[in-house]
Amino acid sequence: MLCNGDAPGMNAAIRAVIRTAIFNNINIVGIKQGYEGLINGEIEEMNLSSVADIIHRGGTILRSSRSEEFMTEEGFKRALNVIKVFGINGIIVLGGDGSFKGARKLANAGVPTMGIPCTIDNDMGYTDYTIGFFTAVETAAEAIGKIRDTSTSHGRANIIEVMGRNSGDIALYSGISGGAESIIVPEIKFNIDEVIKRAIRGRNRGKLHHIIVLAEGVGNPYDLAEDIKEGSDIDTRVTILGHVQRGGTPTSFDRIMASEMGRRAVELLLEGKSGRALGIKCNKVMDLDIIEALDIEKKFNEEMYETAKILSI
């Protein structure tokens, strides 16, 4: 079952879950449209053919949605009734922190449940990375390269807004890999004068472009562009990447993470466990109590941010 926003690699996780279940002689169904689909009984039997040729596809074959009704007492009771009627003995939830809160609720009600972290934001503190993050970074880094070409042609500065909600990880990783001159994230207060000074310094030594990567949780990119233009007299344009970062073929790393976590989620259910969150630490798949996972605060990599500042002189 998938909830909230989609992320590249979800299909790889679905494939791993279904094939691992079939390998272990378990009947498996797919719940379409997340918790909303669970409430409405949008349930479909899955087999090997259901997941053929999907490991490389972005999006999700089960589709996804948000459900306010699931969080109400009446909606939750309907969901539990559907689980009983269809004889569902365990649920694997793919999504971010909102999806995990729903999974915790199901586990507390006695439904064996596992959570696989799938969000491009990489904002879940208990795991090093979430499925879909590195694909979003690659998409953003590719866009930075293309925008640099046109920015150089016109001698402009360009602000590129990337997604991430209140997490600056996409901005940080894509900014470093894309060679951005400035990276602005919610976790660290930025100084507009420092950004302007860096742009002027680059122009004075003959640099024809200036790339600023801005995380969406910071503020209005058009206001920032106006401030830079007024402070440096450098023509500054804005590019908002938006939902293009959610699509596309998942990277090999996202596919591998998804495959490993999908397999392990099924095995944990077979071991009689419930209420666990899958994740990755030091390149190894791990799991911990979903309540504990939700309580762990995401820590921003300030050392990497410092690297970005040093390399952008």
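This is a predicted model: local features need pLDDT of at least 70, side-chain atom pairs count only at pLDDT 80 or more; totals for chains, interfaces and linings use all residues.
Q: Why does Arg-237 count as partly exposed?

A: Arg-237 has 37% relative accessibility. Buried means under 20% relative accessible area, exposed means over 50%, and partly exposed lies in between (1.4 Å probe, protein chains only). The value 37% falls in between, so Arg-237 is partly exposed.

Q: What makes the link between Asp-235 and Arg-237 a salt bridge?

A: Their closest N and O atoms are 3.3 Å apart. A salt bridge needs a side-chain nitrogen of Lys or Arg within 4 Å of a carboxyl oxygen of Asp or Glu, so this pair qualifies. The whole structure holds 19 salt bridges.

Q: Why are Lys-197 and Glu-194 separated by about one helical turn?

A: Because they are 3 residues apart in helix H7. A helix here is a DSSP run (H or I) of at least four residues, a strand is a run (E) of at least two, and both are numbered from the N terminus. The side chains of Lys-197 and Glu-194 also meet in a salt bridge, at 3.6 Å from N to O.

Q: How do you know whether Cys-118 and Cys-282 are buried or exposed?

A: Cys-118 has 1% relative accessibility, so it counts as buried. Cys-282 has 68%, so this residue counts as exposed.

Q: How many disulfides does the structure have?

A: A search finds 0 disulfides. To count, a pair of cysteine sulfur atoms must lie within 2.5 Å.

Q: How do you know that strands E5 and E7 pair?

A: E5 (residues 157–162) and E7 (residues 210–215) share 6 bridges in the parallel sense. Pairing asks for at least two bridges found by DSSP, so these strands pair. Ala-157 stands opposite His-210 in E7. The open sheet holds 4 strands in the order E6-E7-E5-E8.

Q: Why is Ser-312 called buried, and what does this residue touch?

A: Ser-312 has 8% relative accessibility, so it counts as buried. Its place is in the segment after helix H11 (302–311). Leaving aside residues up to four places away in sequence, Ser-312 touches Ala-180, Glu-181 and Arg-198; contact means heavy atoms within 4.5 Å.

Note on methods:
Residues are numbered from 1 along each chain as its sequence is written. Side-chain values use heavy atoms; hydrogens and water are left out.
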